[in-house]
Amino acid sequence: MGKLSVDLSGWELDNPIIPASGCFGYGKEFAELYDINVLGTFSCKGTTREPRVGNPAPRIAECTAGMLNAVGLQNPGVDHVLEHELPELAGYFRKKIIANVSGFSLDDYVYACEKLGKSEQVGLLEVNVSCPNVRHGGMSFGTTPEAASAVTKAVKGVTDKPVYIKLTPNVTDIAAIAKACEEAGADGVCLINTLLGMRIDLRERRPLLANRTGGYSGPGVFPVALRMVYDVYEAVDIPIIGMGGVRTVEDVLEMLLAGASAVEVGAANLVDPFVCERLVAELPNALDRYHFRNVRSVVGRAHPVVRWRDRAGVKTKEE
Amino acid sequence: MTEQMLRVGSVLPLTHDVYRMELYGAYDASVTPGQFLNFRVGGLYLRRPLSVCDMANNRERASVVFRVVGKGTEELTWLREGDTVDTLVGLGNGFDLSKAGERPLLVGGGVGAAPLVWLCRELCRRGAQVQVVLGFRTGADVLLAREFRSFGASVTVVTEDGSFGETGFVTNVVKTLSYSHFYACGPLPMFRALEKTVATDGQYSFEARMGCGFGACMGCALPELTGGKRVCKDGPVFGREEVRWES
């Protein structure tokens, strides 16, 4: 394995840098800017069983150290993705992708995961039980251990691909939910989705977003995300994909140290479209600067020795 | 699309709350009238999109015109000659000039007049007889009318209160004109009124709050008006037939 490579449930990525769902579309806009094959992989736009037109405008608001979005899972639906987006993607991306799936019922999740899981272009399924911007679904599956467990079991039953559950930070105890996913058979967890927030238009005296509330992302959420990755690492033994406000190569290292096996980068792509290309390029020097042999040896090292040795028994052998 | 550090030439007021900024950079042939630039402004997270108003000096100097409506646009007014600003250049689908015909009509409302300037320059250069109708609230808000005239277009200015030019709305004038095609930029209520007045095909340039500006985030898609098409990537210019006006 290379200096930067990481392993996600048997899928080896060249490096741990992964643009996050909803901030990278299907990669097409970025493929016009740089060779996106330099990425570890990327997580595609959240896909649902049926096509969705999303929430009314405005969907975006500026806020301190970040942004709010209430896009509302606009996507062409799983069948369209399989027939159009993925075949087109094969023309400019050689690697497998992370298929991000969302739903409004167990059936929805099962339907979309079963179909996407059969695609050879899909490396793993990222099951989003944490979208804050749609009613009656999404996040409601991620706010109790029971519901998260039910989704995990249902999806695991219909696919051979690794199943990673994407968790919401809008809960009292994210570690308990991660634990429930692990016990239900999840191969990994991804965290965090956005923090529920809002802005109010002073002149109009009403919420700025048409959806009233939206998901807060950007550098402001980084410390919250980092703490949650750290807590979840203590609680589970499955791999974690860490995300939330990551912008610099130092942020990437902190995420790895907290326990993430790979790192997704979201909102930063929207303001700096070249950010992920740069992070991949900067990572080798950053490892040297902080005296790490390789990316894998960083994972979890901010925890007490007993924890990362015990948890990552396989990984320490590789060093 | 390219990312460039544009150099600010000047920032000058056109009215009490509208400014014109000139920016030096390398604008290749892929940059066309109706496209926009996306500026990273000090201290703010999201970029701020502004349409290209005009292009001069052999595609070395672009200008943008903006009304101060919030922190982002206020920050832009503090830029000074020689400052550099991180900008994404060449975003969006601009106006389709091939449909103009011999007597195109340009309709601008408020700062919506700005993206029509370069379009007007190009159409006049190609020998079209361009007619321009510009609508403003009051005489104090009138801008860019002389610019359009300097290219040889015939310009009618309308103000709501009659303090300058004709009195009323742009539609009062539009319905008296004959034209081959129309191009419009301005507020949505103006588009809706125009839609009931116009007699030919045409194109509308939309405005939206954006996340990225290059098609990645779906933040500026308009589900009701365009069935979810993105203003930044599929637009900002949409053909009349692409818009669901009944919504």
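Predicted model: local features only at pLDDT ≥ 70, side-chain atom pairs only at ≥ 80, totals over all residues.

In chain A, strand β10 pairs with β13 (residues 214-217) in the antiparallel sense, and the pairing runs over three bridges. Within this pairing, A:Leu195 stands opposite A:Tyr216 of β13(A).

The two strands belong to an open sheet of four strands in chain A, whose order is β4-β5-β13-β10 and whose pairing is antiparallel. Because β4 (60-63) and β10 (195-197) of chain A stand at the edges with a single partner strand each, one side of each is left without a neighbour in the sheet. Neighbouring strands of this sheet are turned against each other by 35° on average, with direction ignored.

The second topic is the interface of chain B and chain A, where 28 residues of chain B are in contact with 37 residues of chain A. The size of an interface is often given as the accessible area lost when the parts come together. For chain B and chain A, the area buried between them is about 2400 Å², with 61% of it on carbon and sulfur atoms.

| Item between chain B and chain A | Value |
|---|---|
| Salt bridges | three salt bridges |
| Polar contacts (both residues at pLDDT 80 or more) | nine residue pairs |

By class, the side of chain B that touches chain A has 15 nonpolar, five polar and eight charged residues. B:Lys233 forms a salt bridge with A:Glu32, and the closest N and O atoms of this pair are 3.2 Å apart.

Key: Residues numbered from 1 in each chain as written. Chains lettered and ligands numbered in written order. Heavy atoms only, no water. Pairing = 2+ DSSP bridges. Axes fitted to C-alpha atoms, helices over the stretch in contact; angles between N-to-C directions. Contact = heavy atoms within 4.5 Å. Buried area = accessible area lost by both parts, 1.4 Å probe. Salt bridge = Lys/Arg side-chain N within 4 Å of Asp/Glu carboxyl O. Polar contact = N/O pair within 3.5 Å; in protein donor to acceptor, adjacent residues only side chain to side chain. Nonpolar A, V, L, I, M, F, W, Y, C, P; charged D, E, K, R; others polar.
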